[in-house]
Each structure stands twice: as C-alpha cells, then as structure tokens.
Amino acid sequence: MGIKWDRFFITGDPLILGSQIAILLTMIGIVVLVSYLKKWKWLWTEWLTTVDHKRIGIMYILVGVLMFFRGGIDGLLMKAQTATPDGQLLDAQHYNEVFTTHGVVMILFMAMPFLIGIMNVIVPLQIGARDVAFPQLNALSFWLTFSGAMLFNISFVIGGSPDAGWTAYFPLAGKEFSPGIGNNFYAVAIQIAGIGTLMTGINFIVTILKMRAKGMTLMKMPMFSWTSFVTSIIIAASFPILTVALALMTFDRIFGTHFFTLSGGGMDMMWVNLFWLWGHPEVYIVVLPAFGMFSEVISTFSRKTLFGYKSMVGSIVGIAILSMLVWVHHFFTMGAGPGVNSIFSITTMMIAIPTGVKMFNWLFTMRKGRIQFTTAMLWALAFVPCFLIGGITGVMLAMGAADYQYHNTLFLVAHFHYVLIPGVVFAVFAGLYYWWPKMFGHMLNEKLGKLHFWLFVIGFNMTFMPMFFLGLNGAVRRAYTYSAESGFGPLMLVSAIGAGILAIGFAFFCYNIYWSARYADRNISSDPWDARTLEWATASPVQFYNFAKIPEVTSLDAFWYMKKKNKGLKFSNDELEEIHMPSNSGLPFIMSIVFGISGFLLVFEWKIAALVAALGILICLAIRSFDYNDGYHVPVDEIKEIEYGWQNKEKGVEKHVN
Amino acid sequence: MDGKTKKKEWKNMSTNVNTSLPLEFQTEQNRMNILGFWMFLGAEIVLFATLFATYSVLSTRYAGGPTPHELYDIKGVMIETILLLTSSFTCGIAIYEMHRHNKKGLLTWLIITLLLGLGFVGMEISEFIHYVHEGATMQTSAFLSSFFVLLGTHGLHVSMGIGWATMVIIQILKRGLTPVTARKTFIIGLYWHFLDVVWIFIFTFVYLKGLV
C-alpha cells in the first residue's frame, strides 16, 4: 500500500522528540498508577461506561482542561518565537503547524468540550430532569469528541501536524500544496468529533423541549438553559455543513476528486464559503452558552432577577438567525464585489444590536444590586469591558471597505481573541467557580481563584492589546518572523510577556483544582451561593438520580421563590416513587475506539483497512439496535436513605461566602 | 389525553404506557425518540442541501470531461425513480398495517419496500459502473466529483436504511409488535420517506435539469 514508514514517526526536531518521550512516559505513568491503585474496574464501571450526564460533563471538562494546556503550549511557542525580531526557536514549517493546531485545539477541543461539559452537568438539573433524553447517545457524543481530540493530537508525533491554518484554506490545504498527511488528520479528526457534537445538539434540543419539570414553560426556563437550547439548534443547523465540507476535503485529498482543487474544474473559494457557513455559526455556538453562564452568575451575585429576560431570549434567537447570514465577512477580500460585501457588512453590524441589548441587560441586572465580588462574579465583571473591546473592533472589521486594510493582520487576531477569551474562557472559568460545588461537593479556593483571575485578566490584556496596534501598523498574522527594522519588536515583546503572565494565571487555576480537591472544606451547604435556579435544590455533589421528586415550577428563578416562600422544597416520604434510570453501557466507548482506529487508517490513506475498520462501526450500531436493556429502578428505600443523608447535613454547614 | 393520565406521566414517564395513542407514541421515551429523529432529519436536510449547493456550483465545470447530455440515460433513471417512489408508497402501507396491529401485513409490505429499495440500489450501482466504463469517474471533473458524491451519499443512505430495516424486521419477528418495535418501524418509515423526497430533488435538479 505504499506505506512510508520513515514518515510515520516525526524525527529530527528536539522539541517533538521531547514531546514523544513525555507522551510515552505519561501513558506508562497512567497505566502504572491505575494498576497500582487497582482502579481499572472503578475506571470502567464508574467512568468509561457511564451514561450519567453529570459524569459525562465532568469528563468533557477534563478534556477541556487538557486541551487548554495543549493549545496553550502552542500559543506560548508562537509568542516565544515572535518575542524578538528574527526569532530562531521555530522554523517556518514548525510555526505553521503550531498556529494551525493552536486554532483547532482551542476552538474545537477546548472551548466546545468545556461548554458542552457544563451544559451536560447543568442543563438537566436546571430544567428539573433526571438525565438527558438519550443518555447512551450522550456518552457516544462524548467519546467521539474524545476520540477526535486524541486522533488530532497524535498528529504531531505520528505522521505530522496539519499546517494550513485552522481554516485550512484551499488550494494550500489540498494535496497539490500539502502533500503530507498532516491535513488528513485535520479532515478526519474533526469529522469524528463533529459527529459527536451534532448528536449532542439533537440530544439537548429534545431534552429541553420534552423534559422540563412541570410548570416550567419555555419562558420560565433559566437563561443558561435557553442559551444551551438555542446553541443546540445552531449545532443541528450548521454542523452538517462542516460534515460535508470535511468529507469533500477528504475526497479531494485521499480519493483525487476536484471539489476545491485548481485543476479539474474545482473551485477553491467554495471551501472557504462552506467552511465559514459552519465556522461563523460556530462562533455563536461557543459564545451563547457562555452568555447564559454570565447571566446566571450576574443574577445570583447581584441578588436580583435577570433584567429584561424576554429581551434576552429575543436577542439570543436574533443572534442565532443572524449568525447564519454573515459568513462572507470572513473573506471580503475574495472580490465578491461591493454589492455582496455591503449586504454582509450590514448583517454583521446588525449582530451588534442584540449583543448590545444583552450587555445593557447585564449592566441593569447589576444596577442597585447587592453585588458580591466572588471569583465567579469577577470573571463576569471583567468580561463586560473586555468583550466590549472585542465587539467594537468587530464592528470596525465589519465594514467591508475598511476590512481590506485589517484583513490578515494581527488586528484581526487581537479582535477575535478579545471576543473569544472574554466571551468563552472567562465564562467557562466563571461557570466552573460557580458550579464546582455541584460537581464535586467542595468549592474552589476563592483566594487562589482571585490570583488566577487577576493574573489571567492582566496577562490577557497585555498579550492582545498590543496586537491591535501591531496589526494597524501592518504586522501580518501567521508570519513566523519579522525584521528589527519593522519596529514591531517592543510591542511583540510586551505581548509575549503578557502571554507568560496569562499562563501563570492558568497554572494557578490548575493548582487551585489540586488544592481544593485535597484541602477544601467538604462540610458546605448544597446551596452555598444562595442561588436562584433548580440545580441548587439538589445535593452537592448531586445524587445520581438528580431529584427524588421532580419539583413543580411556578415562576422564573424557581428555586429562589421556593426558598422565599418555603414551598415546594420539602416532600414527605410517601410521595416518593421508584426512579427509573438508564443502565451503563460500554458500547459508546468501544464504538469511539473503532471510529478512532478507522479514522487513523484513513488518515494514512490505507483505504481498505479503514473500510474494514469502519465495518466495526456498523457492527456496533447493529449491537445497539438489538440491545433491549431498559435500565433499572432505584427502590424507594435507597432514595430515602440518600435524601435523609444530605438534607440533614444542611444544619451544621460552614458558610464560605459573605 | 385526559388530565389524570398526564399527571401520572410526570411522575414516571418512561414506564407509563398510554394505550389511547398509536403504538409508537405510547411511551414518553418513544415520543422523545421520534422527536429526536425529526431533529436528525432536519440535520440531514442541511447535509443534503449543502451537497445540492455544491453540485449546483460545480455542475457546469466539465474540465473537458463528459457533459450530462453525453452521460445521463433517462430510461434507467426513470426506472430507478419509479422503484423508489413505489417503495415509499409501500412503506406507507406498511405503517398503515402497523397501526391496524396487523403484523403479517406490516412485514409483507416492509419486505416489498426493501426489495424495491434493493432494486433501486442495484440499478444505481450498475449506472455508476456504466459511467466509470465510459471514462466518467469522480476524478474526471468537478462536475462528476459532485455528481458522484451527491448521488453516492443518497445511495449510501438507502443502503444503510435497508440494513437497518432488516434488523428491525428481525426484531418484530422475535418480539412481535410492541411500542418499542413499532417506534423503530415508524422511524424507519420517516427515514425512508425522507430519502424519497431527496431523490425527487436529485431527479429534478440533477437529471432533468442536466438533460434540458
């Protein structure tokens, strides 16, 4: 089959050799540690086969943290390379690979798993459900995301990383100009993860439409659930486009078709169109749930109900519709002409309207509120001005004529980092500090959290603010080096130092997770923030069936009013009934491994072998079709015992918020 | 559904069976599965719409290769169309028989449906082989790349549907008509009709438009 074994393992670069050794040692370390602790069975029964939405969510978040680390290292490498003129750390090829994987990893394997992870943990709780609509499908979604992430990540030690940018524009990404297999990894790994994401979207649409607690009409649904709902709809509407685009890319690269090639009648700009037809909605897929998290956090810590709830809902629906109508603004310079560019300029600027409505709603929620400056709230507060800078530079970029000047410069890079880091990463941190007790039964340390916050926010501004000015001065993106005469040196150095501070901030977050897991107080209330929504009506960590009795909802901020009116929270033992729960299944895990193997073989263009492996996927589907396991019932006595355990603990808890 | 049944459902939705509804809608899990499948079909519409858009952009880019006029054979395509449209009709009868709780009728019409589907797939494969022999492969031109991928995706869907429906038939034979098997059959029916609709678009926008 013409396997080029010499190209199988990447050799010759000390950085990559170091990574290969580190990966090998880590893997051996994990196997030895799990064996030493005799945890294999625990790992299989409690995690690998779980269908519990909370555990799946935690695994998503774990993937997010790991990928943040990986993508962050890529970012630091870029910053180290460009810190001084004529940097020598990376060569051009390696730099291309690093900025490509940085983009893909951060968007698809960091932001998405973080947000979908938090959606998984919180949405069923917020709407008063016991799980998602299709628990086993949910597990499959996670494992496919995991499988795609792993396949993408091995590219830099086996076979070579993709190097055509995270947008993989043709003709550069085609076989003609990128003959290696790096871009096959791009096409196949993202495909696998994308299928998982599509299924998550469908799963959450049905969950939110069909599984809300009695009385919770759509307009009484917490804002995070609303944003998750709209995000799921955008996922279902846009991910199939990515599926097709990547499939066509795979055909072009592996089977010699002519969709995007220069020869044979192909059209390279069609890739760009298809990519951004998915890619722009993707921006809102990641940013909408983040908006929802900020809404919850700001409302809780301002001790007020969310201002302008209906206009919030209206704006997220408006953003969702507009998100589908702006994709051409990513390539005004394509030459579609002033007519087309004007239309897309206008639709793009229109997005600022609903976003502005949301901004004012958050500000008015805080107005006259008794604001508590917890770590979660600090992230939300920092988000407002930082995101504003990102948004306003976005309106600048939206002007088609002016965009010819900004296009492909660091100004653009600064803009989207100012949108995505405050909009997504700050939100994820806010959400994690806020919901951590629900996931693990202890809080993250607030002191370490504030250190994390200040270092991260200062580092972030220091990294990306200079890039606006560098871009306006003509520094292009994706250039691995620049001369001293260009005068970019000082600002580039400031930016690099900022990246270091940002990284130290993230290190504090990781340390905080470790410290809190070891030392944080377990004797805390199940509602430590005095919060407003139903997830806080459960134990911390949440009992596996979520609610002993599904609460009845009469208003927005249901839990808050239950506490105020002291109504609807307590129930007598004879109201309890057996709870039906889904059984664990190893099939999603196994299926995703088969997907991964098949994808790996396809990446190396071993077509027959890939086809044989793909038969394994069909076999897994057939097994699933014949699987009639209907779950099990939790007996009333067990529920009583669990409920008695946590509800009686409430009296002697320590307060950690003031 | 009266208020009392509804109240009971809130308490225990996965095991409650409401026999006043058609078999496939009787449990809450079934209703969720069917709604989920509609959402999946929505995603499928986007997927095929993207492929149609690709085809329409590339459909005149022959790169010196064959054009639709030289290639398409309307007779074979008409037979394929009739086979698939008829199969959609027989699929409808199968679901009708299912609602009458007539297991034998359901199985008979379902098998007829699949045989028609097999006939369609067989003819499509032979059409493709014929094209390839004429030197019209998916590597020839952008037009043919998009033609083969659009039709291939549809054909693959039909083939998967045949395999999937076969498994459901085995389950009906083993377990009889239960809410679960009825739901699976109903969902297959939705899928089958959807593929039929896609074919109507292919027939119109690929074949007829290509021959005009």
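## Close-ups of a predicted model

**View 1. The largest nonpolar core.** This core has 248 residues, and Ala245(A), Phe294(A) and Ala430(A) have the most contacts inside it. Helix 14 of chain A (residues 410-440) gives the most to this core: 22 residues. A nonpolar core is a set of buried Ala, Val, Leu, Ile, Met, Phe, Trp, Tyr and Cys residues joined through C-beta atoms within 7 Å. Buried means 20 or more other C-beta atoms within 10 Å of a residue's own, with C-beta atoms placed from the backbone (exposed: 12 or fewer; partly exposed: in between). Helices (H or I, at least four residues) and strands (E, at least two) are DSSP runs, numbered from the N terminus.

This is a predicted model: local features need pLDDT of at least 70, side-chain atom pairs count only at pLDDT 80 or more, and totals for chains, interfaces and linings use all residues. Residues are numbered from 1 along each chain as its sequence is written, while chains are lettered from A and ligands numbered from 1 in the order in which they are written.

**View 2. Around Ala245(A).** Leaving out residues up to four places away in sequence, Ala245(A) touches Trp271(A), Leu274(A), Phe275(A) and Trp278(A). Contact means C-beta atoms, placed from the backbone, within 7 Å.

View 3. Residues 35-57 of chain B are 100% helix and 0% strand, with end C-alpha atoms 33 Å apart. Residues 105-123 of chain B are also 100% helix and 0% strand, and their end C-alpha atoms lie 27 Å apart.

**View 4. Chain A.** Buried residues make up 53% of its 658 residues. Its secondary structure comes to 20 helices and two strands.

Conventions. Two residues are in contact if their C-beta atoms, placed from the backbone, lie within 7 Å.
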